[in-house]
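Try each task before you read its solution.

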Amino acid sequence: MAEAFAQTDLQGALPLIARGKVRDLYEVDAKTLLFVATDRISAYDVIMENGIPNKGVLLTLCTQTWFKILSEAIPSLRTHFLTLDLPPQIPASLRPVLQNRSMQVRKLKILPIEAIVRGYITGSAWKEYQKSGTVHGIKIPAGLKESEAFPDGPIYTPSTKAEQGEHDENIHPDQATAIVGEPFASTIAALSVQLYKAAHAYGLERGVIIADTKFEFGLDEETNEVVLADEVLTPDSSRFWPKDTYEIGRGQASFDKQILRDWLVKEGLKGKPGVRMSDEIAQKTSEKYKEAWEMITGGN
């Protein structure tokens, strides 16, 4: 396999603001940030020791494509995306490796919740439902089977946005309101579901079921508007299923990091630090990411 690009070093060209699980953030100017998507991969809130070659490029191009799709579907939508062009401060020697894995974005006040939308009952939602008949504390009709679509349409199920090394916690929408306040909480809830529905319809036409996804939002403090931020609808932040093999009543094959999650559970490594993926798992995960990207974007 090619080597993964695990960590950025801009040689002092821009100040480093933060290193996330996947992205490194730099300040371009008072109103602009540079998001650089590395090839790091995390599962169960733990970053693996080795990465997935070219993953950062796929995530960035995928996000750019979705911003365009969603902005056309929802004309009033505002996003933080500015351009894939690198800022002039970046030295020529670094440009080849940073191009297409970096995006300039508007600096926002990030709202501290993960806006998760679920169209189908799976994962942690399925586990909670089996125990209590609820999802994020929301009462759900009885009798659903694993991977079934929610009968009343997609549901908004937020979580806390944990610091690195901590775990996000599933919360009831009322708790999200307590965290971010109104009117932002209602705007996020309604907009998240609207975005999911537009993306789900687009994916379905291309043979991909978007089972669930998470969005992040920021606040433009000059206009008080809620703005779609971070990455959107990538295999890192979403559960993609192939439509042609979808079947209610069981778990589904996935175009995401489910291969990695399953391997960690099987090997007894779930949630443990310092784990290095086997070459086989890294390769298979890479192939799934590429497949999802090609189905959704046409590979462009």
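**Exercise 1.** In which loop is threonine 157 found? Say also whether threonine 157 is buried or exposed, and list what it touches.

Before starting, note that this is a predicted model, where local features need pLDDT of at least 70, side-chain atom pairs count only at pLDDT 80 or more, and totals for chains, interfaces and linings use all residues. Residues are numbered from 1 along each chain as its sequence is written, and side-chain values use heavy atoms, with hydrogens and water left out.

*Solution.* 
- Step 1: Threonine 157 sits in the loop between β12 (155-156) and β13 (159-160). Helices (H or I, at least four residues) and strands (E, at least two) are DSSP runs, numbered from the N terminus.
- Step 2: check accessibility. The relative accessible area of threonine 157 is 0%, so this residue is buried. The cut-offs are under 20% relative accessible area for buried, over 50% for exposed, and in between for partly exposed (1.4 Å probe, protein chains only).
- Step 3: find the partners. Not counting residues up to four places away in sequence, threonine 157 touches Ile116, Arg118, Val135, His136 and Ile138. Contact means heavy atoms within 4.5 Å.
- Step 4: take one pair. Threonine 157 and isoleucine 138 are 19 residues apart in sequence, and their C-alpha atoms are 8.5 Å apart in space.

**Exercise 2.** Which residues have the most contacts inside the largest nonpolar core?

*Solution.* 
- Step 1: A nonpolar core is a set of buried Ala, Val, Leu, Ile, Met, Phe, Trp, Tyr and Cys residues joined through side-chain atoms within 4.5 Å.
- Step 2: the largest one has 67 residues, and Met48, Trp66, Leu195, Phe215, Phe217, Leu228 and Leu260 have the most contacts inside it.
- Step 3: helix α5 (residues 184-205) supplies the largest share of this core, 10 residues.
- Step 4: both domains take part, with at least three residues from each of domain 1 and domain 2.
- Step 5: zoom in on leucine 195. Beyond its neighbours within four places in sequence, it is in contact with Leu70, Ile74, Leu77, Phe215, Phe217 and Leu228.

**Exercise 3.** At what angle do α6 and α7 pack, and which residues meet there?

*Solution.* 
- Step 1: α6 (residues 258-266) and α7 (residues 279-297) pack at about 150 degrees, with axes 8 Å apart. Axes are lines fitted to C-alpha atoms, for helices over the stretch in contact, and angles run from 0 to 180 degrees between N-to-C directions.
- Step 2: that makes α6 roughly antiparallel to α7. Angles under 35 degrees count as roughly parallel, over 145 as roughly antiparallel, 65 to 115 as roughly perpendicular and the rest as oblique.
- Step 3: Ile259, Leu260 and Trp263 in α6 meet Ile281, Lys284, Thr285 and Lys288 in α7.

**Exercise 4.** Which residues does a cis peptide bond join?

*Solution.* 
- Step 1: the cis bond joins glutamate 182 and proline 183, with omega about 5 degrees.
- Step 2: proline 183 lies in the loop between α4 (173-180) and α5.

Key
Domain bounds come from an automatic or database domain assignment.
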